Amino acid sequence: MTSFDTSPQLNVWRALLALAVVFVMLATTGWTAMRNQRGDTPLQASLSAWEHGRIGGHRLPDPQSQPTKLARFFSSLTERQRASLVHTYPLAVGNMNGAPVELRYRANRVALDRARDVERERMHDNRLTPAGKNDAGRRMHRFEDLMEKGRHILAFDPEGSGRVAEVFGDLREADRVSVVVPGVDTDLLTFQRTNRKYSAPVGMAESLYSAERRTSPSTRTAVIAWADYTAPSGLGIDSATAMRAEEGAVRLNALVRSLPGSSPVSLFCHSYGSVVCGVAAHTMPGRVSDIAVAGSPGMRVEKAAQLHTSARVWAMRDSDDWIQDVPYLEVGGLGHGADPMSAGFGARVLSAQGAKGHAGYFEPGTASLMNFAEIGVGAYRSVHCAHEDGVCRTGLSGTAAA
């Protein structure tokens with residue numbers, strides 16, 4: 001989010017669009033494949049160990065099995081057996097779609113504790129540069145933050161810049177679930193911020209959760225700060241293409257399929273996160289009732305109908321968001337298609353009054369946050385449209401209890 005939030009650098013985007021042919025040449029020579037090659041990560045090692053593991057004399061199930069099958073497996077175990085798996089394969093269990101959410105929280109706490117110890121050692125490793133030691137210190141403190149009492153970490157991967165997801169509220173008892181999908185420059189270190197709190201996933205999700213509870217105190221809600229994909233770093237090739245979005249879309253849909261219960265799910269997709277949501281839409285589980293995008297560079301389609309989803313599609317952008325000056329087109333794989341705010345796109349266009357810049361949509365007191373909260377609790381007739389004709393509410397019904 002940092003680069004998108006702070007400086008438009010529109011000339012960079014225009015140059016990237018002009019370099020479409022260069023990108024295609026690089027892709028066909030294998031550059032994009034080679035740059036992602038790496039050895040086993042801690043998560044991969046944990047999954048590999050799981051695949052060779054046994055419990056009660058039986059082999060463990062394929063970690064890529066359907067969530068319902070994995071849920072049945074975990075429910076068949078004793079508490080002692082579940083605890084054994086948590087401590088033996090914490091990263092595998094903590095990231096396993098189908099494992100009970102409470103078990104994932106426990107496993108990720110174990111994984112965070114071990115990752116913190118690794119970074120503490122690195123802080124004093126004389127083979128590292130001062131910058132390397134400083135980075136280790138920052139990571140160690142972030143892991144300590146994530147381990148604070150009361151935090152519910154649904155996913156955690158320390159490899160590279162890292163991935164993480166956190167839950168606010170009770171997923172198992174929620175009447176409605178909201179997922180915040182952030183944009184570029186999102187990683188473990190930017191997952192939460194002290195300054196500009198509401199521009200980071202944790203602040204976004206906390207703000208939305210509080211607003212939903214105020215909007216409908218009787219509706220049991222849960223909000224997920226979902227940074228469990230490798231977001232693009234800055235304004236470069238990755239942010240101008242769908243490569244990261246395609247990877248993220250697979251992970252996003254896997255998350256939704258694994259959520260307990262059958263309550264409706266609303267996605268709130270900011271900036272490049274809206275690209276992820278757009279790519280994910282056509283294979284998205286039917287329980288996704290709403291896709292709301294804010295400050296979107298495009299959703300990789302020309303019209304909302306091309307998303308092939310039964311979910312309602314909403315869009316908002318404040319008047320001083322620089323993203324409106326990004327070219328809304330796609331050339332040779334670069335760019336993300338039509339402007340979701342345009343009349344021809346077909347989204348339900350919402351007010352973002354009070355929001356400032358590209359990163360202000362989750363700020364308390366804004367119309368953008370209020371609209372998100374009303375969508376999140378199903379109070380569709382209460383949303384504030386961008387236009388006085390109220391066209392964004394056409395054909396809608398629903399109250400907070402819906």
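Trainee: At what angle do α9 and helix α10 (residues 130–146) pack, and how far apart are their axes?

Mentor: In this predicted model, the two helices pack at an angle of about 155 degrees, and their axes are 8 Å apart.

Trainee: Why are α9 and α10 called roughly antiparallel?

Mentor: Angles over 145 degrees count as roughly antiparallel. The angle here is about 155 degrees, so α9 and α10 are roughly antiparallel to each other. As for handedness, α9 passes α10 in a left-handed crossing.

Trainee: Which residues of α9 and α10 meet?

Mentor: From α9 come L112, A115, R116, E119, R120, R122 and M123. On the α10 side they meet G132, K133, D135, A136, G137, R139, M140, F143, E144 and L146. Sorted by class, this contact has seven nonpolar, two polar and eight charged residues.

Trainee: Let's turn to the other partner of α9. How do you know that α7 meets α9, and which residues take part?

Mentor: Contact means heavy atoms within 4.5 Å. E79, R82, A83, V86 and H87 in α7 meet L103, R106, A107, V110 and R114 in α9. The classes there are five nonpolar, one polar and four charged residues.

Trainee: How do the axes of α7 and α9 cross, and with which hand?

Mentor: The axes of helix α7 (residues 79–88) and helix α9 (residues 101–123) come within 9 Å and cross at roughly 35 degrees. The crossing of α7 past α9 is right-handed.

Trainee: Now for single residues. What makes S46 buried?

Mentor: Buried means under 20% relative accessible area. S46 has a relative accessible area of 10%, so S46 is buried. This serine lies in helix α5 (residues 42–51).

Trainee: What does S46 touch, and which backbone atom does its side chain reach?

Mentor: Not counting residues up to four places away in sequence, S46 touches Y89, P90, L91 and A92. Its side chain reaches the backbone nitrogen of A92 at 3.0 Å.

Trainee: Why is A281 called buried?

Mentor: The same test applies: the cut-off is under 20%. A281 has a relative accessible area of 1%, so A281 is buried. Its place is in the loop between α14 (272–280) and β8 (288–294).

Trainee: Which residues are in contact with A281, leaving aside its neighbours within four places in sequence?

Mentor: A281 is in contact with I291, L307, H308 and T309. For L307, the C-alpha atom is separated from that of A281 by 5.6 Å, with the two residues 26 apart along the chain.

Terms used. Residues numbered from 1 in each chain as written. Predicted model: local features only at pLDDT ≥ 70, side-chain atom pairs only at ≥ 80, totals over all residues. Heavy atoms only, no water. Axes fitted to C-alpha atoms, helices over the stretch in contact; angles between N-to-C directions. Helix = DSSP H or I, 4+ residues; strand = E, 2+ residues; numbered from the N terminus. Left-handed = near helix turned anticlockwise from the far one by under 90°. Nonpolar A, V, L, I, M, F, W, Y, C, P; charged D, E, K, R; others polar. Buried < 20%, exposed > 50% of the residue type's maximum accessible area, 1.4 Å probe, protein only. Parallel < 35°, antiparallel > 145°, perpendicular 65-115°, else oblique. Polar contact = N/O pair within 3.5 Å; in protein donor to acceptor, adjacent residues only side chain to side chain.
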